[in-house]
Amino acid sequence: QYTFYSDGTIELELEVNPHGDMPDMLPKLGWQFQIPRSFSDIQWYGRGPFETYPDRKSGAKIGLYKSNPDMEYVPYIIPQEYGNHSDTRWLRIQDKEKSGLRIECEDNFNFSVHKYSTENLSRAIYTYQLKEADNLTLNIDFEVSGVGGTAIRQLQKYRVMPEQKKYSLKIQPF
């Protein structure tokens with residue numbers, strides 16, 4: 001459900017009702033937006049300054065951080081999703097003229113900003129195959145599965161399960 005206000009604020013409500021054949025876990029659950037490349041100044045209050053995930057965040061302190069899409073990129077040997085920030089309270093993303101968006105949720109959320117499309121990141125095998133997209137990809141996720149990284153999968157508590165859930169998000173222009 002989308003609610004639009006006269007000041008430009010948008011409230012989004014998401015209700016997840018999985019049905020049919022579902023995987024035993026989901027990579028993440030949230031929204032993905034395409035935003036102008038000019039929105040290159042990122043500021044957030046949450047974990048940082050480096051990327052964090054539900055099972056990889058104990059070394060990242062909660063604080064106020066600033067970044068940009070170039071700084072967010074993590075050059076993994078095999079291209080993949082990158083730059084997630086966990087336990088975010090709010091996010092501001094703006095252009096050089098200080099116009100932008102403030103995003104907040106009822107609960108903490110995850111976010112990432114990519115110079116590359118999700119499709120490009122998923123299909124590329126080598127970093128030279130990455131091509132910067134016309135827009136930035138902004139992921140706002142309520143849940144993200146952990147990265148694991150051992151011979152076994154993520155621990156159960158770090159998995160996003162396909163179950164009924166409700167989330168809300170507020171986007172305010174400034």
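The predicted model holds 14 salt bridges. One of them joins E104 to R102, with the closest N and O atoms 3.0 Å apart. E104 is partly exposed, at 23% relative accessibility. R102 is also partly exposed, with a value of 23%.

Another salt bridge links E119 and R123, where the closest N and O atoms lie 3.1 Å apart. Both residues belong to helix α2, which spans residues 118-123. They sit 4 residues apart, or about one turn of the helix. Both E119 and R123 are exposed.

K165 pairs with E163, and here the closest N and O atoms are 3.8 Å apart. K165 is buried, with a relative accessible area of 9%. E163 is partly exposed, at 42%.

A salt bridge requires a separation within 4 Å. D95 lies in the loop between β6 (85-94) and β7 (100-114). Its side chain reaches the backbone nitrogen of E97 at 3.0 Å. Beyond its neighbours within four places in sequence, D95 contacts S38, F39 and D41.

The surface also carries a nonpolar patch, formed by Y45, I62 and L64. Together these residues have about 250 Å² of accessible area. I62 is part of strand β5, residues 61-67. I62 is partly exposed, with a relative accessible area of 31%. Patch residues must have over 30%.

How values were computed
Residues numbered from 1 in each chain as written. Predicted model: local features only at pLDDT ≥ 70, side-chain atom pairs only at ≥ 80, totals over all residues. Heavy atoms only, no water. Patch = residues over 30% accessible without salt bridge, like charges linked within 9 Å, V, L, I, M, F, W, Y side chains within 5 Å. Areas by Shrake-Rupley, 256 points an atom, 1.4 Å probe, with all protein chains shown as cover. Salt bridge = Lys/Arg side-chain N within 4 Å of Asp/Glu carboxyl O. Helix = DSSP H or I, 4+ residues; strand = E, 2+ residues; numbered from the N terminus. Buried < 20%, exposed > 50% of the residue type's maximum accessible area, 1.4 Å probe, protein only. Polar contact = N/O pair within 3.5 Å; in protein donor to acceptor, adjacent residues only side chain to side chain. Contact = heavy atoms within 4.5 Å.
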